[in-house]
Amino acid sequence: MSAAENILEVKDLVTVFDTDAGRVTAVDGVRFEVKRGKTLGLVGESGCGKSVTAFSINRLLPQPHGKIAGGSISFEGRNLAGLSVEELRQFRGREISMIFQEPMTALNPVQTVGKQLAEAILLHQKCSSREILQRSVELLTKVRIPSPEVRLQEYPHQLSGGMRQRVMIAMALVHKPKLLIADEPTTALDVTVQAQILDLINSLQTEMGMSVLLITHDLGVIAETCDEVVVMYAGRVVERAPVAEIFSSPRHAYTQGLLQSIPKIESVPKSRLKAIPGSVPAIETLLPGCRFAERSGRPHLPEHLNQRPPFIEISPQHWVEQCPVCVA
Amino acid sequence: MPRLRRMSLLNVENLKMHFPVRGGILMRALKTCKAVDGVSISVSEGETLGLVGESGCGKTTLGKAIVRLYQPTDGKLQFEGQDITRVSQRALRPIRRDIQMIFQDPAESLNPRLTVRDILEEPFLIQKQGTTAERRQWVGELLDKVGLASTAADRFPFEFSGGQRQRIGIARAIALKPKLIVCDEPVSALDVSVQSQVLNLMLDLQREMGLSYLFIAHGLSVVKHMSDRVAVMYLGKIVELAPSEELYHNPRHAYTKALLDAIPVPDPSKRRPRRLLSGDVPSPIDPPKGCAFGHRMKHPKWEQSVGMDLKLEEISPGHWVQKCPCCVD
């Protein structure tokens, strides 16, 4: 339970955006911990605040609109919110690295892979050009890119989606970070390539003893790669538990609905799926109380809608936002 | 139980869709991109044929060629017995009533400057059907059918969520009471909880209206859930075609097996070591000789497939597979 076991502790994080229509709260009191050497999955639908949570941790919120309005993010006991720009620069890449969904937009299209890797290496190290070349080849080999010397001379558009994501991973791992934040790393890829990339992240993690915060909307990916799962809905964590527990005994109505709504390969063809009615509520219309009320199909009393349900540990390591209606 | 042999609605025979790759100063055609290279499939009345494959395998091109958004290079397209491969755009117009399409991204396939009413009336206007009052009524009925409020008619596409927009796309596709709808990745852009709503809607409409679907997607679990039969496509060719359950329980082609194996299973108790597929789909511009998948797998028997005429063979009733020495035992 100590800080030594947790590499990252996010406590009651609140992230807001100032828009023309006023201030909106994208992340509303989120808390979770990432354990050393483990993978935490952050799952939720678009707009639930999972990417904003990641951007808050790495302090990549769009400026000047986005800011952290409350809570704390501590990494190995240091509060990240208090770091200066220069300290952050030292911090990123060495302690925490991030990979993004679409490697084509995250890589620079007019520079070769080699140049971009060199930039990442030189960020925290002084190296001769020979050393850089050697390190780059090593890195590309590590992410299993065939004929790395040739690839270094190429531009991102000459690579396939899977290869680009490997280059991104190589860049993120240059300085052996302790935590890797992967924001939908395989969403843009084919299933076969997705399997390769997840396998790669997994084996690099074991090899380097790295922790991973994996953000995804795909419950299949969660089931196959994570140790613990945080389910987010409309800016809040509704449930959090070890991976086996989330899938075997989900407690919140939203988690249950989500698990039931995915077509499973063994299901009977053309049978009706259990769907969650309605769609994710707009961020401006969020209620202080249970936010899943409208879609749950269960009648909520006004007090459930107006009062934020407590986030409690319902059984060991299994936390849930205890709306008395959604958690039966 | 013997199944009734349903009438074949769409027949595609040895369809080829090649594109010239231009280059040089004179922009001459230097090479050919064989996006679809000899595909034969058929869709019966009321049936859903799933089409699955990785990106770049030609599944979208095949869909577009079937609705004649492309002029096929070679082969034959038959709809209700009528050859529509080379029919002129004008002569196609009445046929278009019967073949419609749903696109992947409803945000891009709906005109942002038109209200939902304009969008849904357009098919009727093109086909010169109904009076103003009738069309108004039809739009109301369509919205009701896809589960949207009648007040939606006077709003613009951007006012809707992704799932609702796809409902509008579906309403437009069913407006003229078509017989066949080509659905190109209809739920890939949607969230999980909304995806199942849209899939349910498509199943309901199929039952009510007796629609046939060609359901194109890259996710095998979704395709299997929606389809009676599934065709697996690789590099412009169908490598396996079988009834959904059969394909899932008894896949014969190595590529189908690899696809099935790569699907992440949403059940942590079933974690298993995977046989990982290496490499990417090769380019259809310079496809490898012989069996393209065996080449990717670097299969020792791949060389035997070079020069072979690889064709789909029926290995058990309704189960077709492209037999080659490297991919099929």
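Reader: Is B:Phe19 buried, partly exposed or exposed?
Author: In this predicted model, B:Phe19 has a relative accessible area of 26%. Buried would require a value under 20%, and exposed a value over 50%. B:Phe19 therefore counts as partly exposed.

Reader: Which class of aromatic pair do B:Phe19 and B:Tyr70 form?
Author: The ring centres of B:Phe19 and B:Tyr70 lie 5.3 Å apart, with 75° between the planes. Planes over 60 degrees apart fall in one class, so the pair of B:Phe19 and B:Tyr70 is edge-to-face.

Reader: How many residues apart are B:Phe19 and B:Tyr70?
Author: B:Phe19 sits in strand β1 (residues 8-23) of chain B. B:Tyr70, which is partly exposed at 27% relative accessible area, belongs to the loop between α1 (59-66) and β4 (74-79) of chain B. The pair thus links distant parts of the chain, and the separation is 51 residues.

Reader: How many aromatic pairs are there over all chains?
Author: Rings of Phe, Tyr and Trp pair if their centres lie within 6.5 Å. Counted by this rule over all chains, the aromatic pairs come to 12.

Reader: What is the angle between the planes of A:Tyr254 and A:Phe292?
Author: A:Tyr254 and A:Phe292 form an edge-to-face pair, 5.2 Å centre to centre. A:Tyr254 lies in helix α11 (residues 253-261) of chain A, and A:Phe292 in the loop between α11 and α12 (293-296) of chain A, 38 residues apart. The angle between their planes is 65°.

Reader: Are A:Tyr254 and A:Phe292 buried or exposed?
Author: The cut-off for burial is under 20% relative accessible area. A:Tyr254 has 0%, and A:Phe292 has 3%. Hence A:Tyr254 is buried, and A:Phe292 is also buried.

Reader: Which residues form one aromatic cluster with A:Tyr233?
Author: The pair described above, edge-to-face in geometry, belongs to this cluster.

Reader: Are α7(A) and α8(A) roughly parallel or roughly antiparallel?
Author: Helix α7 (residues 161-173) and helix α8 (residues 191-208) of chain A pack with their axes 10 Å apart, at an angle of about 15°. Angles under 35 degrees share one class, so α7(A) and α8(A) are roughly parallel.

Reader: How many residues of the contact of α7(A) with α8(A) are nonpolar?
Author: On the α7(A) side the contact includes A:Ile169 and A:Leu173, and on the α8(A) side A:Val193 and A:Leu200 are among the residues met. The contact also holds 3 polar residues and 1 charged. The nonpolar residues number 8.

Conventions:
Residues numbered from 1 in each chain as written. Chains lettered and ligands numbered in written order. Predicted model: local features only at pLDDT ≥ 70, side-chain atom pairs only at ≥ 80, totals over all residues. Heavy atoms only, no water. Axes fitted to C-alpha atoms, helices over the stretch in contact; angles between N-to-C directions. Helix = DSSP H or I, 4+ residues; strand = E, 2+ residues; numbered from the N terminus. Parallel < 35°, antiparallel > 145°, perpendicular 65-115°, else oblique. Contact = heavy atoms within 4.5 Å. Nonpolar A, V, L, I, M, F, W, Y, C, P; charged D, E, K, R; others polar. Phe/Tyr/Trp six-rings, centres within 6.5 Å; stacked < 30°, edge-to-face > 60°. Buried < 20%, exposed > 50% of the residue type's maximum accessible area, 1.4 Å probe, protein only.
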